[in-house]
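I opened a new page for this structure.

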Amino acid sequence: MVIKNAELETVVGVTTKGFPKHELPEIAFAGRSNVGKSSLINVLLNRKSLARTSATPGKTQTINFYNVNKEFYFVDLPGYGYAKVKVDFKAQWGPMIERYLRSSAALRNVFLLVDMRRPPTPDDMMMYEWVSRAGFKPVIIATKADKLKRSQFKEALRAVREAYPRKDIEVIAFSALSRQGREEIIERIEEELSD
Ligand SMILES: Nc1nc2c(ncn2[C@@H]2O[C@H](COP(=O)(O)OP(=O)(O)OP(=O)(O)O)[C@@H](O)[C@H]2O)c(=O)[nH]1
Ligand SMILES: [Mg+2]
């Protein structure tokens, strides 16, 4: 995948009515606030700060559509699970994300990011259920792999994998710092786009 150009094209907030109508396929990224969704998108696109990242959780509170090469979209979904954000996930973001999952004709798959250092949270599992019920087979990305010691790595990956009911769940370890996992994720995205 050669990134010729990438730009933030559409931003959808809780009060925006519709989603953009276009023919191009979409790949979405979901996960808790601060798990590293925007950082992953920047690494995939080889951009330092196209997607806004922040040490303060709750940075991305909108659904952001990044047009890549005029060929497909990366969709950065709002992070959930951050208590201090006033808008309640279940009350507002939940329905917005569900509406997106159900209404996007072009969505190919959803990559669900979880922190590799901790087991998936109840919110993570709810997101997994929603995505599955919407008819997708989500790919799990275990983020911040650089924060684990070598000796903890295998066990942490196994713990993430075993949290999901599906035995054939795909889990890819990723680090935005070392870029570990980037090639594998890009291969999976290319597969999704070529189906
Ligand atoms: N060590 C390490 N830090 C990371 C990694 N990925 C993200 N971070 C840091 O984690 C923080 C949050 O990253 P973001 O990419 O903004 O997270 P997000 O999921 O987009 O967060 P929201 O927009 O709030 O939903 C930032 O301080 C990043 O620098 C990683 O792989 N390794
Ligand atoms: Mg973000």
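I count two residues as in contact if their C-beta atoms, placed from the backbone, lie within 7 Å. The model I am reading is predicted.

**Entry 1: contacts and overall build**

I looked up contacts between residues at least 6 apart in sequence, and 72% of them join residues at least 24 apart. Next I listed the elements: the chain has 5 helices and 7 strands. Along the sequence I read the pattern β-β-α-β-β-α-β-α-β-α-β-α.

Then I checked dimensions. The C-alpha trace spans about 45 × 40 × 30 Å along its principal axes. A compact globule of 195 residues would have a radius of gyration near 16 Å, and this chain has 16 Å, so the two agree. I also looked up burial, and 37% of the 195 residues are buried.

**Entry 2: the core**

Nonpolar side chains tend to be buried together in soluble globular proteins. I went to the largest nonpolar core here, which holds 48 residues. Which of them touch the most other members? I found Phe-29, Leu-40, Val-75, Leu-112, Leu-113 and Ala-142. Strand β5, residues 107–115, gives the most to this core, with 6 residues.

Leaving aside neighbours within four places in sequence, Ala-142 is in contact with Val-114, Met-116, Leu-157, Val-160, Val-171, Ala-173 and Phe-174.

**Entry 3: helix α1**

Is helix α1 mostly covered or mostly open? I found it mostly covered: 8 of its 9 residues, in the range 37–45, are buried. I noted the buried ones as Lys-37, Ser-38, Ser-39, Leu-40, Ile-41, Asn-42, Val-43 and Leu-44. Leu-40 had already come up among the core residues with the most contacts to other members.

What do the buried residues of α1 pack against? I listed strands β2 (26–31), β3 (63–68), β4 (72–76), β5 and β6 (139–143), together with helix α5 (182–194). Just after α1, I came to Asn-46, which takes a positive phi of about 55 degrees.

**Entry 4: the start of the chain**

I ended at Met-1, in the segment before β1 (6–12). Why does Met-1 count as partly exposed? I found 14 C-beta neighbours inside 10 Å, and that is why; a buried residue needs 20 or more, an exposed one 12 or fewer.

I then looked up the partners of Met-1. Beyond its neighbours within four places in sequence, Met-1 is in contact with Ile-186 and Glu-190. Met-1 and Asn-69 are 68 residues apart in sequence, with their C-alpha atoms 9.9 Å apart in space.

Conventions. Residues are numbered from 1 along each chain as its sequence is written. Chains are lettered from A and ligands numbered from 1 in the order in which they are written. This is a predicted model: local features need pLDDT of at least 70, side-chain atom pairs count only at pLDDT 80 or more; totals for chains, interfaces and linings use all residues. Helices (H or I, at least four residues) and strands (E, at least two) are DSSP runs, numbered from the N terminus. A nonpolar core is a set of buried Ala, Val, Leu, Ile, Met, Phe, Trp, Tyr and Cys residues joined through C-beta atoms within 7 Å. The radius of gyration is taken over C-alpha atoms; the globule rule is 2.2 Å times the number of residues to the power 0.38.
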